[in-house]
Amino acid sequence: MAALISAAFCGIVFGLGLLVSGMAQPAKVQNFLDLFGRWDPSLAVVMAAALAMSWAGFALARRRAQPTFAPQWSWPDRTEIDAPLVVGSALFGIGWGLVGLCPGPALVDLLTGSPKLIAFVIAMVAGMIVHDGWRARATMLPKTAPSAADG
Amino acid sequence: MTTMFEPLSAAIGGALIGLSAVLLMLLNGRIAGISGIMAGCLPTTGGPRSWRITFLAGLVAAPIVALAAGTPLIVPAMPGSWGIVITGGLLVGFGTRMAGGCTSGHGVCGIARLSPRSIVATLTFMAAAIAVVFIARHVVGG
C-alpha cells in the first residue's frame, strides 16, 4: 500500500514539474526545437535541473541496500545501441516535433478536456499496442514483459 | 506562437521532475519513464500494474494540485490538422516503445545514469524533432 501511495505522490510531483516548467505546453517545446526561429531555451534549463537532481539522487540510491517500499532495485539492465533504439527514437522525435507533446505532458494535459489532446493520447496508446503486438508476433513470445530498463 | 524564456520556472520545474525520478527510485526502486510506465499498464505487457496505475493517476491529477497552488492548467495549443495530431500520437507511442523510452526514461533518468544507450536515444529524438520543426516552420510553412 505504501508503495502505491509513494508512486502516486511521485506522479503528482512529476506532473507539477511539467506544469511549473511550462513543458506541458506544446508551444514551449516546439519553440525550443525551433533553433532557427522563435527559440525558447527553457527546455534546456528544465533538462539541466532535472539531470542535476536525478544524477545526485541516483548516486545516493546506489549507496543504499534496497528501496524503502520494494524488495529490490529495478535499475535498467539494457545497454545495447541497436537499430530499434535509433529508429524508434527517430520515429518518436518526428511525432514529438509534429505536435510538441511527449508522453508525460500529454497525460498532464488530459484534464483540459481538449478533444485533440484526447485524440493524441488515444493514438499514442494505440501506437504502443501496435508496437508491442508486432514485437510479440515477431519474437513468437506471448507477452513482452516491460524491461526494468524501459523508460 | 511566441513563448518567453523563463529560466527560473524552468529550473524549479526541472528540479521537481528530477525529484520525482529520485523519489520513485529511492522509495519504489523504479525508473520514472512515462512511456514505459504507460506501456506496463497495457494488456499487451506483463509485470505489476498497480504502482504504475497510481503513478499515472498522480500525473493526470497533478493539475488539480497545481491549481490549488495557483498554477493554472493551460489548454494546449494543438496542430490545426487532425491528421497531424493522430500521426504524431501514433509515432510517439510506437517510437517510444521501439526505443524503450522517451524524454523522461532516456532523456532524464538514462542520461543521469550516464547510459550511452540513453544518450544516443536522446540525441536521436532531439535531432529528429528539430528537423521536423525546421521543415514545418521554415520549409513547408514559413
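Predicted model: local features only at pLDDT ≥ 70, side-chain atom pairs only at ≥ 80, totals over all residues.
1. Helices (H or I, at least four residues) and strands (E, at least two) are DSSP runs, numbered from the N terminus. To find your way, note that residues are numbered from 1 along each chain as its sequence is written, while chains are lettered from A and ligands numbered from 1 in the order in which they are written.

2. The crossing of α4(A) past α6(B) is right-handed; a crossing is left-handed if the near helix is turned anticlockwise from the far one by less than a right angle, and right-handed if clockwise. On the α4(A) side the contact includes Leu85(A), Phe92(A), Ile94(A) and Trp96(A), and on the α6(B) side the residues include Arg117(B), Phe125(B), Met126(B) and Val133(B). Two residues are in contact if their C-beta atoms, placed from the backbone, lie within 7 Å. By class, the residues of this helix pair are 16 nonpolar, four polar and one charged. For these classes, Ala, Val, Leu, Ile, Met, Phe, Trp, Tyr, Cys and Pro count as nonpolar, Asp, Glu, Lys and Arg as charged, and the others, Gly among them, as polar.

3. Now step back to the whole meeting of the two chains. Chain B brings 112 residues to the contact, and chain A brings 112 residues too. On the side of chain B that touches chain A, the elements that give two or more residues are α1, α2 (34–39), α3 (50–68), α4 (82–99), α5 (103–112) and α6 of chain B. Helix α1(B) gives the most, with 21 residues. That side of chain B holds 68 nonpolar, 38 polar and six charged residues.

4. The largest nonpolar core is worth a look next. A nonpolar core is a set of buried Ala, Val, Leu, Ile, Met, Phe, Trp, Tyr and Cys residues joined through C-beta atoms within 7 Å. This one has 85 residues, and Val46(A) and Phe120(A) have the most contacts inside it. Its largest share, twelve residues, comes from helix α1 (residues 7–28) of chain B. Domain 1 (1–73) and domain 2 (80–151) of chain A each supply at least three residues to this core. Phe120(A) reaches residues of both chains: not counting residues up to four places away in sequence, it touches Val99(A), Leu101(A), Ala106(A), Val85(B), Gly88(B) and Gly89(B).

5. How is chain A divided? It has domain 1 (1–73) and domain 2 (80–151), with bounds that come from an automatic or database domain assignment. The C-alpha centres of these two domains of chain A lie 18 Å apart. Eleven residues of domain 1 of chain A are in contact with eight residues of domain 2 of chain A. On the domain 1 side, α1 (2–21) and α2 (26–33) of chain A are the elements giving two or more residues, and α2(A) gives the most, with five residues. That side of domain 1 has nine nonpolar, two polar and no charged residues.

6. Ala7(A) counts as buried because it has 27 C-beta neighbours inside 10 Å. A residue is buried if 20 or more other C-beta atoms lie within 10 Å of its own, exposed if 12 or fewer, and partly exposed in between; C-beta atoms are placed from the backbone. Leaving aside neighbours within four places in sequence, Ala7(A) is in contact with Leu24(B), Asn28(B), Trp51(B), Thr54(B) and Phe55(B).

7. The C-alpha trace of chain A spans about 45 × 40 × 35 Å along its principal axes; that of chain B spans about 50 × 40 × 30 Å. Of the 151 residues of chain A, 51% count as buried, and in chain B buried residues make up 56% of the 142.
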